[in-house]
Amino acid sequence: MTFSLLRFLRPFVAAISASALFVLAAANEPANPARQPVNYEAFGAIGDGVTDDLPAIVKAHAHANAHGLRVETKAGATYHLGRRALTAIIATDTDWGASRFIIDDTDVENHRVSLFSVQSLLEPVTLTIPRLTRDQRRLDVLPPRDCWVRVENSHKKRYIREGLNQNGGSAQRDCFILRRDGSIEGDIDWDYDVITKLEARAIDEQPLVLRGGVFTTTANQMKQEKGYNYWLRNIAITRSNTTVVGLTHHIVGEGEFGHPYNGFLAAQGCANITFRDCFVTGHKTYSTIGAAGKPVSMGTYDLIANEVVNFTMSGVRMDNVCDTTRWGVIGTNFCKNILLENCMLSRMDTHQGVSGTYTIRGTTLGHAGLNAIGRGTLTVENSTLNGRALIALRPDYGSTWEGLIVIRNSRWIPGCGAPMQPYLLSANNRGQHDFGYPCFMPSEIRIDGLVIDDSQHPKDYRGPFLFNDFDGSQTPEASRPFPYQVTDRVTIRGVTTTSGKQLRISPDPAVAARVKVIERD
């Protein structure tokens, strides 16, 4: 897995001041006495799929933002977004309907600039928080309105990555919602004896909705043998209380070479974000030379959520979820409270942690499966998963899940039906690496209704395991400077296999001996 925090936390767009937006909107404003929705054609868009319409689109949204007007596109129009490094700032409801948008990334002015940026027009809030403790629920600070808050202690490093994409870790951080009454929403993960950086963004009370739009990206052909060079050319969202409904994104023209994308829909530093009834596309997997000087696959994403409090995907779908030539469609970092419901995706992943609740409901996940790092309660219910493990705890971040895992009324088809030895929970931690935090297997696992479709099993197959051999080297406990806490208790009810084989504990006798397994009728 290749997911560099520094690249993903770069600003999505160049700073554009509110005053500059209003000046731009004032130029050649069309009359709008009835406060009708703004359309792109009034500002010069042609919509023929050939003419570069992005300059007109930028002006249209600036006008809509300055006057509080919604934007609607012309039925049947196809807007070409050109090669220029321009960003349309969206601060009002926008309905793209069935309009089409062409994004040609074979020749662009600057690939690190977003095409659209959904922003709040509220001013940032100045707060002082001298210290903070893990799981704190209230502050004496009373902001003028609810805020998304981010705190950082740069003196401490967490998520010190191991493996081919090794790094020196990330500054300790948390994001949360601070209410006007001082209450906190979003579990605080760390203690802060000092806060070296604090950012507070006011949360708009009214939701902003983006509707429709069929976007087609002709993929970049960038050739760079070493390192990563992430592309934006996307829709970046930093405004809280934003919902994207019914958007479609296609990828065409992927060739022999290409570099990864940082999410076509990319939410960063905000709260209460929902993607609903959207269609997204998996990207071809390319390779590069990683931080360890060896070849690695490059992660490229159609969906990204970083430092989002309350992130929901409902009815988000894609094709070919078991196509292993395509990278997993989504990656997230540092989120609080994630919900997937009624989705069909190649994977769901929390690279540098999620805390609070992480819920997969009524969802199908494909070949790249369900990946988790963090703490809280991870729930899988009424879902079908196709990963090599039912749940994979990311080994490059210590395979840590501090809390409870609940599996209820679900189905697991290991490796999309490939012959393999199934391990329900996959982890790898030899106790030799400092990840910047203590590492845990889930303290408790509750399984109540699970069908394991292991009909396509290898020869000499004796049945699935609950855990893999997470140590591998059988390192003695005394030789592990960074111990890995093993699961205490597993409760099992209604687990069946299509092979008829029984679920076993682990190929590691030491793990099998330590875990208390309770089977219920």
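N272 is partly exposed, with 24% relative accessible area. This asparagine belongs to strand β17, which covers residues 262–276. The structure described here is a predicted model. In that model the phi angle of N272 is near 60 degrees, a positive value in a residue that is not glycine. Most residues other than glycine have a negative phi.

N241 also has a phi near 60 degrees, again positive in a residue other than glycine. Its setting is the loop between β14 (235–237) and β15 (242–245). N241 has a relative accessibility of 16%, so it counts as buried, the cut-off for buried being under 20%.

## The disulfide

The structure holds 1 disulfide. The bond joins C322 to C416, with an S to S distance of 2.0 Å. The angle about the S-S bond is -85 degrees, and the link of C322 and C416 is left-handed. C322 sits in the loop between β20 (301–314) and β21 (330–333), and C416 in the loop between β29 (401–412) and β30 (423–426), so the pair ties together parts that are 94 residues apart in sequence.

C147 takes part in no disulfide, and the nearest cysteine sulfur, that of C175, is 14 Å away. A disulfide requires two cysteine sulfur atoms within 2.5 Å. C147 has 0% relative accessibility and therefore counts as buried.

C343 is likewise in no disulfide; the nearest cysteine sulfur belongs to C278 and is 9.5 Å away. At 2% relative accessibility, C343 counts as buried.

## Strand β22 and its partners

Strand β22 spans residues 335–341 and is mostly covered, with 5 of its 7 residues buried. β22 pairs with β20 in the parallel sense over 5 bridges. In this pairing, the bridge partner of F311 is I338 in β22.

β22 is also joined to strand β24 (residues 354–361) by 6 bridges, and these two strands run parallel. Here L340 stands opposite I360 in β24. In a regular strand the side chains alternate between the two faces of the sheet.

## How the parts connect

Strand β20 links two of the topics above. β20 pairs with β22, and the loop between β20 and β21 holds C322, which is joined to C416 by the disulfide.

Terms used:
Residues numbered from 1 in each chain as written. Predicted model: local features only at pLDDT ≥ 70, side-chain atom pairs only at ≥ 80, totals over all residues. Heavy atoms only, no water. Helix = DSSP H or I, 4+ residues; strand = E, 2+ residues; numbered from the N terminus. Buried < 20%, exposed > 50% of the residue type's maximum accessible area, 1.4 Å probe, protein only. Pairing = 2+ DSSP bridges.
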